[in-house]
Structure formats: structure tokens, C-alpha cells
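Subject: Structure handover

Hello,

Here is the structure I promised to pass on. Please open it and keep it beside you while you read.

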Amino acid sequence: MNDYQLKREKTFLLPQTVYRQALYAVKDLDRLRKKLLFMEEDASGVLPSDPSVIMSRGGAVSDITGNRASEMALTESRIEAIESAFGQVPPKYRDGLKDKLINDVPVSRLGYSVNTWKKWQQVLLYHVAVNLKIL
């Protein structure tokens, strides 16, 4: 697939592998939000008397609470990186791009020309790649 991006938008041109990683990061946004919500609910149910401080498993030392907190922080920072990239796109295109990329709504239903959507999608994915440090 050679025409995955507009070539004239050289500032926002990404290598194909980086473009696809950014694209699938955006498509994964709803799952990440649900995962974070589940982790937050799960963390609020932990009792202070839980023996989760440090456990030995197979000779390795593991901090369950620290691991959970680290995973929550990583998930939250990933969500913030993707959402902040939407701030780089004009407001009138944000909801359309969310519908197109996350909910797979066809471009023909969103109005504007196909090239307009491609341009702003390319800008969005460039900023997602920069924010996630995959560029």
C-alpha cells in the first residue's frame, strides 16, 4: 500500500510502520479507556491489609501494588498522549476523525472531501507518533 499518506504533506510524512502503529494506537483508545477504568475500580477495592507489598515468585521479588500502579500510569499516559494529539487538529474535524478512526464510520458520511480527511488524519497520526515517542 503506497498511498497510505498524502505525499505533499512532507512535514507530517511518516514511515509506513510508524504510521500504522499510530493508527492502531488511536483505534485502541476505547479499549485503553475501559482498561484504565477497570484498573481504577479494581484498585479502589484493595484493602489496606492486603499482603501485596512484596511477594516472592519463582525466586524473583515482585511488588504487586507497584506493578499495578505502574501499569495504570502507563495506560493513563498513553491515553493522554493520544487525546492531546487531537488538540493539534482543528475542532471541526476532531469528532469526525474520532468517528472515522475509532468507530469505523465511512468518510462519505462525515462530509468534506476525502483528501481533507486524509490530510487531518495524517496530521493527527503524526502527533500521536510524536507523543508516544514512536517516531
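Below is what was found in it, starting with the overall layout.

**Ground rules**

This is a predicted model: local features need pLDDT of at least 70, side-chain atom pairs count only at pLDDT 80 or more, and totals for chains, interfaces and linings use all residues. Residues are numbered from 1 along each chain as its sequence is written, and side-chain values use heavy atoms, with hydrogens and water left out.

**Layout**

The protein chain has five helices and two strands. Helices here are DSSP runs of H or I with at least four residues, strands are runs of E with at least two, and both are numbered from the N terminus. Read from the N terminus, the order is α-α-β-β-α-α-α.

Of the 135 residues in the protein chain, 31% are buried. Buried means under 20% relative accessible area, exposed means over 50%, and partly exposed lies in between (1.4 Å probe, protein chains only).

Now take contacts, meaning heavy atoms within 4.5 Å. Among those between residues at least 6 apart in sequence, 64% join residues at least 24 apart.

**How the helices pack**

Two packed helices are described by the angle between their axes and the distance between the axes. The axes are lines fitted to C-alpha atoms, for helices over the stretch in contact, and the angles run from 0 to 180 degrees between N-to-C directions.

Start with α1 (residues 16–27) and α5 (residues 114–131). Their axes come within 9 Å and cross at roughly 90°. That makes α1 roughly perpendicular to α5. The scale is this: under 35 degrees is roughly parallel, over 145 roughly antiparallel, 65 to 115 roughly perpendicular, and the rest oblique. On the α1 side, the contact uses V18, Y19, A22, L23, A25 and V26. On the α5 side, it uses Q121, L125, V128 and A129. By class, the contact of α1 with α5 has nine nonpolar, one polar and no charged residues. For these classes, Ala, Val, Leu, Ile, Met, Phe, Trp, Tyr, Cys and Pro count as nonpolar, Asp, Glu, Lys and Arg as charged, and the others, Gly among them, as polar.

Next, α3 and α5. Their axes come within 8 Å and cross at roughly 145°. The crossing is right-handed. A crossing is left-handed if the near helix is turned anticlockwise from the far one by less than a right angle, and right-handed if clockwise. From α3, the contact takes in A81, I82, S84, A85 and F86. From α5 come L124, H127, V128 and N131. The contact of α3 with α5 counts six nonpolar, three polar and no charged residues.

Last, α2 and α3. Here the axes come within 10 Å and cross at roughly 145°. The crossing of α2 and α3 is left-handed. Residues in the contact include L32, L36 and M39 of α2 and M72, I79 and I82 of α3. By class, the contact of α2 with α3 has eight nonpolar, one polar and nine charged residues.

**Salt bridges**

How many salt bridges are there? The count comes to five. The rule asks for a side-chain nitrogen of Lys or Arg within 4 Å of a carboxyl oxygen of Asp or Glu.

Three residues, D30, R33 and E83, are linked in a network of salt bridges. D30 pairs with R33, with the closest N and O atoms 3.6 Å apart. These two are three residues apart in α2 (residues 29–44), so about one helical turn separates them. E83 also pairs with R33, at 2.6 Å between the closest N and O atoms. E83 lies in α3 (residues 64–86) and R33 in α2, so this pair ties together parts that are 50 residues apart in sequence.

R33 is partly exposed at 33%, and E83 is partly exposed at 35%.

Another salt bridge joins E71 and K35, at 3.3 Å from N to O. E71 sits in α3 and K35 in α2, 36 residues apart, so the pair links distant parts of the chain. E71 is partly exposed at 37% relative accessible area, and K35 is partly exposed at 28%.

A73 lies in α3. A73 is partly exposed, with a relative accessible area of 44%. A73 and L36 are 37 residues apart in sequence and 9.1 Å apart in space, C-alpha to C-alpha.

Best wishes
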